[in-house]
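Please look over the model shown here.

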Amino acid sequence: LQTKLQLNNRPAFVPPAGHSTQDINDLWAKLEQSEVDRGIALREELRRMKRISDLLRRFLKLAGSLENWSSDRSNYLASTDFGDSISATTAKLKNLEAFEGEYDAQTKRVATLHDYEQQLGALNYHDMATINSRASGVDGSFNGLKDASANRKSALEEQLRKLQERENMLLDFAKRALEFRVWLENADEVLSDPIVCETVEYAEELRSNFETLVNEKQVKEGEYNGLNELAANCRAAGVPENTYSDVSIDTINTLWNNISGQLDSRKSDLDAEVEKQRHNEELRVNFAQKAANVHAFSKETLAKIEGLTGDVDAQLAALNDIQGEISAQQSLFDQAVAANHDLEANKITDNPHTEITVETLKSFWDALLATVKKKEQVLEKERLAKSHSGLSAEQLNEFRECFFHFDKDEEHTP
């Protein structure tokens, strides 16, 4: 086109602003980068939603437990029965003291509830108003329990007269058993909590927490034996050990045995999860390495094709060598695709080791094959035109540039 314009003394053709080959290439590159950024954002959002789901489940479960406990204790503290004898009054006072021990233990769980609340807020959970309201409600209930407990204790202390040795023994068991039950329930929650993780680090953290729990259990074994001994002494004195507590030694034994029975299976599950995450990590690294190799080869080969110059036959020979290299490296691309299939088969949705996706690789590979084919067609036409037209290489090159500029559909036809 430029030659014809020049021969007709017409000014050279200047494409409209924003329609040059460089402009189009720049826009395409931006589109590909946007695709990559979108994929990263979606994977980050998926991790955030999984974390929110896990935290929300824990928050709701713990909040329900605390609310039920608070409601149950509110009814107990609202009673106006202070006893009609010294023994009855003392028993009620001891029950209250046992409650205070349980209250302190439950307060630690309230702190855990607020920790879940803060984590949900940090993750921008959409319904924080409900979460904050629920947590505030638990705080209000516990504050009310504290005031109600103080009022009831003041009334009961006025009537305190009782056989102190037996009462102290019952109180000791009640307080220690309630606190021990809280630990047992927390341990049961840890052991029965579903294992949900996506990294080796988090799986190892869960296993480390489990090992800490095992060590705690060994320490608690002395307390467990002490409670059994204390319960036996209470029964020998003619009173049930749970006179001042809703926890019996049978409940403690059941919970303790249940936890002991879960340790082996939990250890096996965590060991298996660590191995699974290590295997997943190997798959991520494997794909990242193979993807990097394919990506580098594609870019290097495209650069070679774009750098072909000189005689047409020489370029065709070089292009044929390049095609041989591509055929030889086809297995490299196939291995990368197979590595991605391994990721999908193991439901691995994120890979921190690379931003390259299998879609990006396929795009590069297809572009490479298309470029080779297009270059070969151009060179063949150029050789054919040269043999029939007698035009110089400079003229053919000028015609070729004009042709590709206006070949918008890339069909290589007039």
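Predicted model: local features only at pLDDT ≥ 70, side-chain atom pairs only at ≥ 80, totals over all residues.

Residues are numbered from 1 along each chain as its sequence is written, and side-chain values use heavy atoms, with hydrogens and water left out. Helices (H or I, at least four residues) are DSSP runs, numbered from the N terminus.

**Helix geometry**

- Helix 7 covers residues 249-306, 58 residues in total. Its first and last C-alpha atoms lie 83 Å apart, close to the 86 Å expected at 1.5 Å a residue. The expected span is 1.5 Å times one less than the number of residues.
- Helix 7 has a kink of about 35 degrees, centred on Leu263. The bend at a residue is the angle between axes fitted to the seven residues ending there and the seven starting there.
- Helix 4 has 30 residues, which should span 44 Å at 1.5 Å a residue. Its end C-alpha atoms are 43 Å apart, which agrees.

**Helix packing**

- Helix 2 (residues 21-77) packs on helix 4 (residues 128-157) at about 25 degrees, with axes 10 Å apart. Axes are lines fitted to C-alpha atoms, for helices over the stretch in contact, and angles run from 0 to 180 degrees between N-to-C directions.
- Helix 2 and helix 4 are therefore roughly parallel (angles under 35 degrees; over 145 counts as roughly antiparallel).
- The contact of helix 2 with helix 4 has 14 nonpolar, five polar and four charged residues. Ala, Val, Leu, Ile, Met, Phe, Trp, Tyr, Cys and Pro count as nonpolar, Asp, Glu, Lys and Arg as charged, and the others, Gly among them, as polar.
- Helix 5 (residues 164-192) and helix 6 (residues 200-236) cross at roughly 150 degrees, their axes coming within 10 Å. That makes the helix 5 and helix 6 pair roughly antiparallel.
- The contact of helix 5 with helix 6 divides into 16 nonpolar, two polar and six charged residues.

**Burial and position**

- Buried residues of helix 4 include Met128, Phe142, Ser149 and Arg152. Buried means under 20% relative accessible area, exposed over 50%, partly exposed in between (1.4 Å probe, protein chains only).
- Thr90 sits in helix 3 (residues 86-122). Thr90 is buried, at 0% relative accessible area.
- Thr90 and Ala314 are 224 residues apart in sequence and 107 Å apart in space, C-alpha to C-alpha.
- Phe364 belongs to helix 10 (residues 358-389). Phe364 is partly exposed, at 21%.
- Phe364 and His295 are 69 residues apart in sequence, but 7.2 Å apart in space, C-alpha to C-alpha.

Note on methods
Helix = DSSP H or I, 4+ residues; strand = E, 2+ residues; numbered from the N terminus. Parallel < 35°, antiparallel > 145°, perpendicular 65-115°, else oblique.
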